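Then turn to the core, the loops and the confidence of the model.

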Amino acid sequence: MELVVLDKEGSRIYCFIRSIHYRLFETILEEGKVFVLANFTMDSNTQKYRPTKHSMRIIFKRDTLVSSVDDINIPIESFDFVVTKEILSSVRDDLFLIGMLFDVLIVPPTSRSFP
């Protein structure tokens, strides 16, 4: 299982749960909820395509503690906007994954003509 988690400042870090530990955490972790993690491993985030800019990643262990927390003000999303020119030039293609979101506006035809 792979996760990207946010802290209260909106900083993101990649988390990884090995398949042998997946069942220990699948019923606990839920998107949009706030948790406190303890007893995990930190490792360099050296993947070719990283889901975050953070240089480190969290690896859950068998005895990683996950506690649910209420009433903490944590954002549910965080954005780092990248100039389209950088995406198209592939300047950042080996740094981190980039998604593109497009809004499409459909305007119905009108009988009016424009000069």
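Strand E2 and strand E5 (residues 56–59) run parallel and are joined by 3 bridges. Tyr14 has Arg57 of E5 as its bridge partner. Two strands count as paired if DSSP finds at least two bridges between them. This is a predicted model, in which local features need pLDDT of at least 70 and side-chain atom pairs count only at pLDDT 80 or more, while totals for chains, interfaces and linings use all residues. Residues are numbered from 1 along each chain as its sequence is written, and side-chain values use heavy atoms, with hydrogens and water left out.

E2 also pairs with E1, here in the antiparallel sense and over 5 bridges. In this pairing Glu2 stands opposite Phe16 of E2. The hairpin of E1 and E2 has 5 residues between its strands, and Gly10 there takes a positive phi near 90°.

Now place these pairs in the sheet. It is an open sheet of 4 strands, with the order E1-E2-E5-E4 and mixed pairing. E1 and strand E4 (41–44) stand at the edges with a single partner strand each, so one side of each has no neighbour in the sheet. From one strand to the next, the twist averages 35°. Such angles run from 0 to 180 degrees between N-to-C directions, with axes as lines fitted to C-alpha atoms, for helices over the stretch in contact.

The protein chain as a whole has 2 helices and 6 strands. From the N terminus on, the order is β-β-α-β-β-β-β-α. Helices (H or I, at least four residues) and strands (E, at least two) are DSSP runs, numbered from the N terminus.

What makes up the largest nonpolar core? Its 8 residues are Ile13, Cys15, Ile17, Phe25, Leu29, Ile58, Phe60 and Val66. A nonpolar core is a set of buried Ala, Val, Leu, Ile, Met, Phe, Trp, Tyr and Cys residues joined through side-chain atoms within 4.5 Å. Buried means under 20% relative accessible area, exposed over 50%, and partly exposed in between (1.4 Å probe, protein chains only). Leaving aside residues up to four places away in sequence, Phe25 touches Ile17, Phe60, Lys61, Arg62, Thr64 and Val66. A contact means heavy atoms within 4.5 Å.

Of the 115 residues of the protein chain, 18% count as buried. Among contacts between residues at least 6 apart in sequence, 61% join residues at least 24 apart.

Two loop residues come next. Lys8 sits between strand E1 (2–6) and strand E2 (12–16). Lys8 counts as exposed because its relative accessibility is 59%. Its C-alpha atom is separated by 4.6 Å from that of Ile74, 66 residues apart along the chain. Ser19 lies in the loop between E2 and H1. Ser19 counts as exposed because its relative accessibility is 65%. Ser19 and Met1 are 18 residues apart in sequence, and 7.0 Å apart from C-alpha to C-alpha.

How far does the predictor trust this? pLDDT is its confidence in each residue, from 0 to 100. The protein chain has a mean pLDDT of 76, and 70% of its residues reach 70 or more.

Terms used:
pLDDT is the predictor's confidence in each residue, from 0 to 100.
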